[in-house]
Amino acid sequence: MGKVIVVTSGKGGVGKTTSTAALGAALAQRNEKVVVVDFDVGLRNLDLVMGAERRVVYDLINVIQGDAKLPQALIRDKRLETLFLLPASQTRDKDNLTAEGVEWVIGELKRYFDWVICDSPAGIERGATLAMRHADIAVVVTNPEVSSVRDSDRIIGLLDSKTLKAERGERMEKHLLLTRYDAARAERGDMLKVEDVLEILSIPLVGIIPESTDVLRASNIGAPVTLADARSAAAQAYFEAARRLCGETLPVTIPGEKRGLFGKIFARRAA
Ligand SMILES: Nc1ncnc2c1ncn2[C@@H]1O[C@H](COP(=O)(O)OP(=O)(O)OP(=O)(O)O)[C@@H](O)[C@H]1O
Ligand SMILES: [Mg+2]
């Protein structure tokens, strides 16, 4: 059975969809079988970021309503054999996303894929709780600023109470993905530092993605950054995050700083 990841955040626009696409592609680039599922009807939808918007025929709600079979709605990535997308509906009412329907779709996808990655809408409303409901692992996407950190803290509370895992008394694996990190701004005090965010949220760090025009450029050409620009710092950070999700232990480096995070914490303690 595959693992279900929810990519979530309280605050909007922090990089969930970008990260879903990049992590999904990074895992598929390791030959894992991956499906990314769009739970959001937003401006920058997952199909756009994946460059598949013109290939969408059926979507998640069609499948739930029985208008299409699940394989009819899955879109295989043109670049990666093992990467698939289940798109969101652009028009239909969000109320059609039923709890039973979502449960069935996720259950089916887990049988065929190693990873089912759910791109959640922002906030704490129904769409977000449905997206996280069946997750084994949560990736909490957070920007280094107070409002984003505060909203992530609320989401962590929901992950520990509203998910199936929580209801069964099981532990939800939670990871912090810090995105749009700008070392120079953090140094000037315009942004929170990594240590500050970690101190508030106290869940393990799965990666730090730098603020980068490479990410914007990739999204504009409809490709996850790990495919569009695999050598960029952002792509490298996503590759490392994917390796950590697969269970590897790697030291986390802060983009734009030479010393690793552990080195830095150690240096501070020693001082
Ligand atoms: N590391 C980065 N560097 C620069 N820009 C980024 C980075 N990550 C994301 N962005 C940009 O930030 C914007 C928001 O990203 P994205 O759509 O992935 O966020 P989201 O959390 O899915 O938003 P929503 O809550 O609306 O669904 C996009 O324009 C995206 O290209
Ligand atoms: Mg999004």
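**Reading the strands**

Modeller: Strand 3 (residues 75–76) and strand 4 are joined by 2 bridges and run antiparallel. Keep in mind that this is a predicted model.

Biologist: Which residue of strand 4 does I75 stand opposite?

Modeller: I75 stands opposite L85 in strand 4.

Biologist: Which way do strand 2 and strand 4 run, parallel or antiparallel?

Modeller: Parallel, with 4 bridges joining strand 2 to strand 4. On that side, look for V35, which stands opposite F84 in strand 4.

Biologist: How do I read burial along a strand? Which residues of strand 4 lie on each side?

Modeller: Take the two faces in turn. Strand 4 spans residues 83–86. L83 and L85 are on one side, F84 and L86 on the other. All four are buried, so both faces are covered, buried being under 20% relative accessible area.

Biologist: How many residues of strand 8 are buried?

Modeller: 6 of its 6 residues are buried. Strand 8 pairs with strand 7 (residues 173–181) in the parallel sense, over 4 bridges.

Biologist: What is the bridge partner of Y181 in strand 8?

Modeller: P210 is the partner. P210 is buried, because its relative accessible area is 11%.

Biologist: What is P210 in contact with, leaving aside its neighbours within four places in sequence?

Modeller: P210 is in contact with R180, Y181, A233, A234, A237 and P255. Also compare sequence and space. P210 and G256 are 46 residues apart in sequence, yet their C-alpha atoms are 7.9 Å apart.

**Reading a helix pair**

Biologist: Now the helices. At what angle do the axes of helix 1 and helix 13 cross?

Modeller: At roughly 70°, and the axes come within 9 Å. Helix 1 covers residues 16–28 and helix 13 covers residues 233–245. Angles of 65 to 115 degrees count as roughly perpendicular. Helix 1 and helix 13 are therefore roughly perpendicular to each other.

Biologist: Is the crossing left-handed or right-handed?

Modeller: Helix 1 passes helix 13 in a right-handed crossing.

Biologist: Which residues of helix 1 and helix 13 meet?

Modeller: From helix 1, T18, S19, A22, L23, A26 and L27. From helix 13, Y238, F239, A241, A242 and L245. By class, this contact has 9 nonpolar residues, 2 polar and no charged ones.

Biologist: T17 is in helix 1 too. Is T17 buried or exposed?

Modeller: T17 counts as buried, because its relative accessibility is 14%. Leave aside its neighbours within four places in sequence, and T17 is in contact with R44, N45, L46, V49 and D119.

**Reading backbone angles**

Biologist: What should I expect of phi?

Modeller: Most residues other than glycine have a negative phi. Look for cases that go the other way. N31 has a positive phi of about 70°, although it is not a glycine.

Biologist: Where is N31?

Modeller: N31 sits in the loop between helix 1 and strand 2 (34–38). N31 counts as exposed, because its relative accessibility is 63%.

Biologist: What is the phi of S202?

Modeller: It is positive, about 40°, and S202 is not a glycine. S202 lies in the loop between helix 10 (194–201) and strand 8 (205–210). With a relative accessible area of 59%, S202 is exposed.

Definitions and conventions:
Residues are numbered from 1 along each chain as its sequence is written. Chains are lettered from A and ligands numbered from 1 in the order in which they are written. This is a predicted model: local features need pLDDT of at least 70, side-chain atom pairs count only at pLDDT 80 or more; totals for chains, interfaces and linings use all residues. Side-chain values use heavy atoms; hydrogens and water are left out. Axes are lines fitted to C-alpha atoms, for helices over the stretch in contact, and angles run from 0 to 180 degrees between N-to-C directions. Angles under 35 degrees count as roughly parallel, over 145 as roughly antiparallel, 65 to 115 as roughly perpendicular and the rest as oblique. A crossing is left-handed if the near helix is turned anticlockwise from the far one by less than a right angle, and right-handed if clockwise. Contact means heavy atoms within 4.5 Å. Ala, Val, Leu, Ile, Met, Phe, Trp, Tyr, Cys and Pro count as nonpolar, Asp, Glu, Lys and Arg as charged, and the others, Gly among them, as polar. Buried means under 20% relative accessible area, exposed over 50%, partly exposed in between (1.4 Å probe, protein chains only). Two strands pair if DSSP finds at least two bridges between them.
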